[in-house]
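Morning, everyone. Please have a look at the fold before I start talking.

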Amino acid sequence: MKIRVLGSAAGGGFPQWNCNCRNCDGVRRGTVRARARTQSSIAVSGDDENWVLFNASPDVLQQVRSFPALQPGRALRDTAIRAIVLIDAQIDHTTGLLMLREHRSPHQLWCTAEVREDLSAGNPLFGVLGHYCGIDWHDVPLAGRFDIAGAPGVAFEALPLTSNAPPYSPHRDQPRPGDNIGVTLVDAKSGRRVFYAPGLGEMEPHVWAAMQAADCVLVDGTLWTDDEMIRLGASQKTSRAMGHLPQSGPGGMIEWLDRLPATTRKVLIHINNTNPILDEDSAERAALAAHGIEVSWDGMELSF
């Protein structure tokens with residue numbers, strides 16, 4: 001099983017187009033040692049030929065161009081993307097579907113009924129795509145293992161996360177099971193497991209059990225502190241209120257990751273442009289390294 005990180009940033013990417021925080025200004029000027037990043041997405045394959053896309057970010061065309069394996073030359077119009085899995089209905093995880101509208105057949109698309117509802121009513125993306133390639137929708141079960149046709153070698157297990165629905169959703173701040181999911185990717189041959197959750201607002205028992213059972217966790221790295229956006233004047237909401245567990249502080253992601261077995265690989269994804277860990281020379285980045293925690297980047301590959 002191979003995982004390719006297509007995009008490692010949170011919504012807006014890095015640098016964000018209208019942001020002049022220390023990180024964004026520094027990477028533009030070359031005064032901060034950091035990598036530019038596109039918005040959060042991964043691709044997964046069990047055979048190096050057929051890929052499942054997790055989330056379709058607004059940067060999806062750039063991400064496909066940067067990874068030729070997704071665009072093999074077997075026919076005039078071709079793609080190695082066999083299916084798309086949406087872990088939520090957020091703008092930064094779904095807008096790219098519009099960029100993939102030239103597909104020759106309906107996209108095999110997996111998401112929960114709650115996400116389908118938000119993308120059919122609050123943000124009628126599925127209706128728009130019906131005038132182009134269309135959607136072949138499959139419900140993601142929140143218990144048990146499921147397989148995706150055309151994507152051999154990998155099995156999938158989803159579970160609900162307590163996070164938050166998109167701002168446009170009628171269920172915003174009233175979370176339902178299925179608004180957000182984490183997914184365990186299982187190599188069919190070796191049985192090795194990767195737990196993927198770019199949005200994780202609360203460490204619930206079933207989530208912690210999935211993380212403990214994984215050989216690698218690829219999890220929410222959005223903000224360093226709970227009040228990061230408030231202190232910078234970028235938002236009035238805390239990290240947790242937005243559905244993201246901060247890395248530092250009591251009950252933060254670092255504390256939880258420290259409790260995992262020593263053999264577990266720990267990688268952060270979905271990193272906000274304000275997060276000081278983007279600065280590779282920062283004290284916060286050094287603190288992560290001291291805890292054995294990696295920061296993903298666009299183009300990073302994980303093999304199992």
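Some ground rules. This is a predicted model, where local features need pLDDT of at least 70 and side-chain atom pairs count only at pLDDT 80 or more, while totals for chains, interfaces and linings use all residues. Residues are numbered from 1 along each chain as its sequence is written, and side-chain values use heavy atoms, with hydrogens and water left out.

Back to the helix. Helices (H or I, at least four residues) and strands (E, at least two) are DSSP runs, numbered from the N terminus. Helix α1 covers residues 22–29, and N23, C24, G26 and V27 in it are buried. Those four span an arc of only 165 degrees around the axis, so they sit on the same side of α1. The arc is taken from the directions from the helix axis to the C-beta atoms. On the other side of α1, R22 and R29 are exposed. Buried means under 20% relative accessible area, exposed over 50%, and partly exposed in between (1.4 Å probe, protein chains only).

Now the inside. A nonpolar core is a set of buried Ala, Val, Leu, Ile, Met, Phe, Trp, Tyr and Cys residues joined through side-chain atoms within 4.5 Å. The largest one has 35 residues. F195, M203, M211, V219 and L257 have the most contacts inside it. At least two residues of this core come from each of α1, β10 (193–197), α7 (205–212), β11 (216–220), α9 (253–258) and β13 (293–295). Another core, of 30 residues, lies apart from it, with F54, V194, I269 and F304 among its members.

Next, the sheet. Seven strands form an open sheet in the order β6-β5-β4-β3-β2-β1-β14, with mixed pairing. Two strands pair if DSSP finds at least two bridges between them. The edges are β6 (135–139) and β14 (301–303); each has a single partner strand, so one side of each has no neighbour in the sheet. Inside the sheet, β2 (residues 41–45) and β3 (residues 51–54) run antiparallel, joined by four bridges. S45 is opposite W51 in β3.

Last stop: S40. Where is it? S40 is in the loop between α1 and β2. It counts as buried because its relative accessibility is 0%. Beyond its neighbours within four places in sequence, S40 has contacts including D92, H93, Y196 and H270. Contact here means heavy atoms within 4.5 Å.
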